[in-house]
Amino acid sequence: MMPGLPPAASAHAPDIDFVLGLEHVGMLVLFLAFFGYFAYVLARFRQSAHPTASYAGMTSRWSMYVVLAIILAEGTLLVAFEMPEWRARINDLPSSQEATVIRVVAEQYAWNVHYPGPDGLFGRTDINLVASDNPLGLDRRDPSAADDVTAVNQLTVPVNRPVLIHLTSKDVIHSFTLYEMRVKQDAIPGTDSPVWFIPTVTTSDMRIRLGKPDFEYEIACSQLCGLGHYRMRGFLNVKTDAEFRAFLAQESRPTAR
Ligand SMILES: [Cu+2]
C-alpha cells in the first residue's frame with residue numbers, strides 16, 4: 001500500500017504498513033484540502049475584488065463542522081486502528097516457551113547479542129566483569145552461563161517462529177531498528193524493553209526475491225547516540241530452523257570460545 005518502504009519480512013509488517021498507509025492518505029487529504037482552500041481564498045478575496053474589508057466576516061458554521069470531521073477521523077484512526085495495533089505489539093508478548101528468547105544489549109557503538117544456550121537460562125551478568133573480550137560482563141563461573149552464546153553485531157534467528165528480544169543498553173539511549181521486520185524500540189539503560197516479531201522470509205530467500213545476492217537485513221540505531229552513531233550497524237540473519245539449530249550447536253560448544 002505504501003510506496004518507498006523497505007521490503008516487509010515479518011508477520012505483523014502488513015498491519016503496520018496498513019496503518020502507515022491510512023495515516024499518510026489522511027495527511028494527503030488534509031494537505032490537498034487545505035492548500036486547495038488556501039488557493040481559492042487567495043483568488044476569491046483578492047484586493048481588487050474587495051477594496052474594502054468586511055468587518056463582519058464569515059457568519060456560517062461550516063468551518064467548525066469541517067474541523068469536527070477532521071477530529072472525528074483522526075480519533076477513529078487512533079482508537080480503531082493504531083491503539084489495537086499498539087496493544088498487539090506491546091501487550092500480547094509470546095510466551096518464552098514458544099519464542100526464541102534473546103537478550104540484546106546496546107552500547108556505544110555496537111549491539112551485543114546473548115543467547116541462553118540449550119539450557120534456556122541466561123547466565124548471570126555483572127557490570128564489573130565487562131571487558132573488551134566480555135562486553136556483556138557474562139559470569140562464566142555461573143552454571144547457567146556455561147552454554148550461553150554471545151555475538152557482536154550479528155543477530156541470528158529462526159524463520160516463522162516468534163523471536164522475543166529483551167532489549168537494554170549499557171550507556172545511553174539507543175534505538176533498535178529492524179526495518180524489514182517493522183521493529184523499532186528504544187534501548188534504555190537500566191530498563192528491560194521486550195520487543196518481538198515473527199520473521200517470515202529468510203535472508204537467503206530475500207536475496208532471491210530481491211535479486212540482490214549480497215542483501216543483508218540490517219540492525220540500525222535510530223537514536224543519535226554519540227559520535228559513532230553512524231557506524232552502529234549490525235546484521236540480522238534469518239535462518240531456517242535447521243540452520244538455526246546448527247548455528248546454536250556450533251556456537252555453544254565450549255571450544256568455540
Ligand atoms: Cu546507538
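User: Which residues lie nearest the centre of the largest pocket, and how many residues line it?

Analyst: The largest pocket is lined by 22 residues, and those nearest its centre are Ile16, Arg89, Arg182, Val183 and Lys184. A pocket here is an open set of points on a 1 Å grid over the protein atoms alone, where a 1.4 Å probe fits, with protein on both sides within 12 Å along at least five of seven lines; lining residues have an atom within 4 Å of a point. This is a predicted model, in which local features need pLDDT of at least 70 and side-chain atom pairs count only at pLDDT 80 or more, while totals for chains, interfaces and linings use all residues. Residues are numbered from 1 along each chain as its sequence is written, and side-chain values use heavy atoms, with hydrogens and water left out.

User: Which element gives the most to the lining of the largest pocket?

Analyst: That element is α2, with five residues. By class, the lining has 13 nonpolar, three polar and six charged residues. Ala, Val, Leu, Ile, Met, Phe, Trp, Tyr, Cys and Pro count as nonpolar, Asp, Glu, Lys and Arg as charged, and the others, Gly among them, as polar.

User: Which atoms are the protein donors of the copper ion?

Analyst: The donors are His174 (ND1), Cys221 (SG), Cys225 (SG) and Met232 (SD), at 2.0 to 2.4 Å from the copper ion. Donors are N, O and S atoms within 2.8 Å of the metal (3.2 Å for Na, K and Ca); water is not among the atoms, so sites may look incomplete. Along the sequence, the spacing of these donor residues is H-x46-C-x3-C-x6-M.

User: What makes the arrangement around the copper ion tetrahedral?

Analyst: Four donors count as tetrahedral if all angles lie between 85 and 135 degrees. The four donor atoms subtend angles of 91 to 122° at the copper ion, and the arrangement is therefore tetrahedral. Ideal angles at a metal are 109.5 degrees for four tetrahedral donors.

User: Why does Cys221 count as buried?

Analyst: Buried means under 20% relative accessible area, exposed over 50%, and partly exposed in between (1.4 Å probe, protein chains only). Cys221 has 9% relative accessibility and therefore counts as buried. Cys225, with a relative accessible area of 6%, is buried as well, and so is Met232.

User: How many disulfides does the cysteine sulfur rule give?

Analyst: A disulfide is a pair of cysteine sulfur atoms within 2.5 Å. By this rule the count is zero.

Methods. Four donors count as tetrahedral if all angles lie between 85 and 135 degrees; four count as square planar and six as octahedral if opposite donors are over 155 degrees apart and all others between 65 and 115; anything else is irregular. Helices (H or I, at least four residues) and strands (E, at least two) are DSSP runs, numbered from the N terminus.
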